[in-house]
Amino acid sequence: MSAAYPIRPITDSEFPAFYAVIEHAFNGTYPTEPELRHELTVFEFDRSLAAFDGSDIVGTAGAVTFRMTVPGGAATMAGVTAVSVLPSYRRRGILSSLMRGEGVLVEQSTVGLDPAPRLRIAEPRDAVPEMAKVYDVILPARPGLFARDDRWWDYVLWDPEHRRSGNSPLRCVIAEDGTGPRGYALFSGKPEWDDHGIPSGTLQVSELMAADPTAYSAIWNDLLTRDLVREVRARVRPADEPLLYLLADPRRARPLLLDGLWIRLVSVGQALTQRRYACAVDVVIEVTDDLFADNAGRWRLRAQGSVGAAGAAAPAPASCERTSAPADLALPVQALGAAYLGGTRLSALAGAGLVSEMRPGALAALSAAMSWDPAPWCTTGF
């Protein structure tokens, strides 16, 4: 049986990769090139140790030689330094092996469970093709997301130093299995210590996408258990975030509800026929619109439910046409826009006095038909 993560000293040419692992482990924020030059003034290559996964360095340790004063004299010491493990390789015994200067053996067995995905650190811009594969899997099912081409990926990954507020450069972790990438997270870190030397760093998650629950759990577990981090902040998360149901103590989470996307219908008839509906509905709605007169008036909306029996044909498109029939509901176009993506219930808007029901049962029918699962989510500001 061979060592899973062989350990050896590094060469001069491997020092940048060695230092990159330290930056990831400590959420480094300093410019890399001057730090490399500074570290090389005392670095001892023959006293370095690196753990490898193939050709990739995944763990580091080293020692610097000096004489230290001790009571009544001086002694030669090895100052242990540069001890780190790539965040996606923690809890595998690598650090213990580095401290002992040995490899670690792994026993394998076959178990009838879905294997946990492999987590891999990647440079964000280099990982765009892999992230795009994950994003494009999620895109069709989540209202509010919009397609990204190269322009939009450049926009999302724009990371100028003046926007970092002291955080590290943007980083990426990818969850993958034998089929390819299954999830990813974009994040940055800010290392801090309080007056007593207790680590109080912050990890800022800017985007996390996963195509299945296994990858989703693996990425969150990695981020929430990072060393030297007191708080993890994740912005622009969906209202139906599953993370709250994975935490051992959900009360430690502090969700903050913010507006993420405003929808304004400029063509009621066309907009209502371009979406699908959760259940069948046939209602007449009277719309008021002070800005676009073409929207105002009565519209008959008819739609089939989106879910049918296995193997059944897709439902026919919805229709929304002008009518002179009596209105079942009356509402402003703003309320219709709020409910358009399926996250806001018309029944809740009615409770606020924004929707009026003329025919009993019409409100519940349209509110149910316009609801959608999963909740809408727009991850990209514009």
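Two strands are taken to pair if DSSP finds at least two bridges between them, and helices (H or I, at least four residues) and strands (E, at least two) are DSSP runs, numbered from the N terminus. What follows concerns a predicted model, in which local features need pLDDT of at least 70 and side-chain atom pairs count only at pLDDT 80 or more, while totals for chains, interfaces and linings use all residues. Residues are numbered from 1 along each chain as its sequence is written, and side-chain values use heavy atoms, with hydrogens and water left out.

With that pairing rule in hand, S13 and S14 pair in the antiparallel sense over two bridges, and Leu 329 has Glu 357 in S14 as its bridge partner. These two strands belong to an open sheet of five strands, with the order S12-S11-S10-S13-S14 and mixed pairing. At its edges lie strand S12 (319–322) and strand S14 (356–357), each of which pairs on one side only. Strands of a sheet pair through backbone hydrogen bonds, either parallel or antiparallel. Strand S10 (residues 281–288) runs antiparallel to strand S11 (residues 297–303), to which seven bridges join it, and here Val 284 stands opposite Arg 300 in S11. S10 and S13, by contrast, run parallel and are joined by four bridges, with Ala 330 in S13 as the bridge partner of Glu 286.

Helix H10 (residues 362–370) packs on this sheet, touching S10, S11, strand S13 (329–332) and S14, where contact means heavy atoms within 4.5 Å. The direction of H10 makes about 95° with that of S10; axes are lines fitted to C-alpha atoms, for helices over the stretch in contact, and angles run from 0 to 180 degrees between N-to-C directions.

Among the buried residues of H1 are Val 21, Ile 22 and Glu 23, and after the helix comes Asn 27, whose phi is positive, near 50°.

The structure holds eleven aromatic pairs, where rings of Phe, Tyr and Trp (its six-membered ring) pair if their centres lie within 6.5 Å, and planes under 30 degrees apart count as stacked, over 60 as edge-to-face and the rest as tilted. Phe 15 and Phe 18 are stacked because their ring centres are 6.2 Å apart and their planes are at 15°.

Elsewhere, Arg 92 lies over the face of Tyr 89, at 4.5 Å from the ring centre, and Arg 148 lies over the face of Trp 153, at 4.7 Å from the ring centre. A charge sits over a ring if NZ of Lys or CZ of Arg is within 6 Å of the ring centre and within 35 degrees of the ring normal.

How many disulfides are there? A disulfide is a pair of cysteine sulfur atoms within 2.5 Å, and by this rule the count is zero. The sulfur of Cys 172 is 20 Å from the closest cysteine sulfur, in Cys 378, and is therefore too far for a bond. Cys 172 is buried, with a relative accessible area of 0%, and Cys 378 also counts as buried, at 10% relative accessibility.

How values were computed:
Buried < 20%, exposed > 50% of the residue type's maximum accessible area, 1.4 Å probe, protein only.
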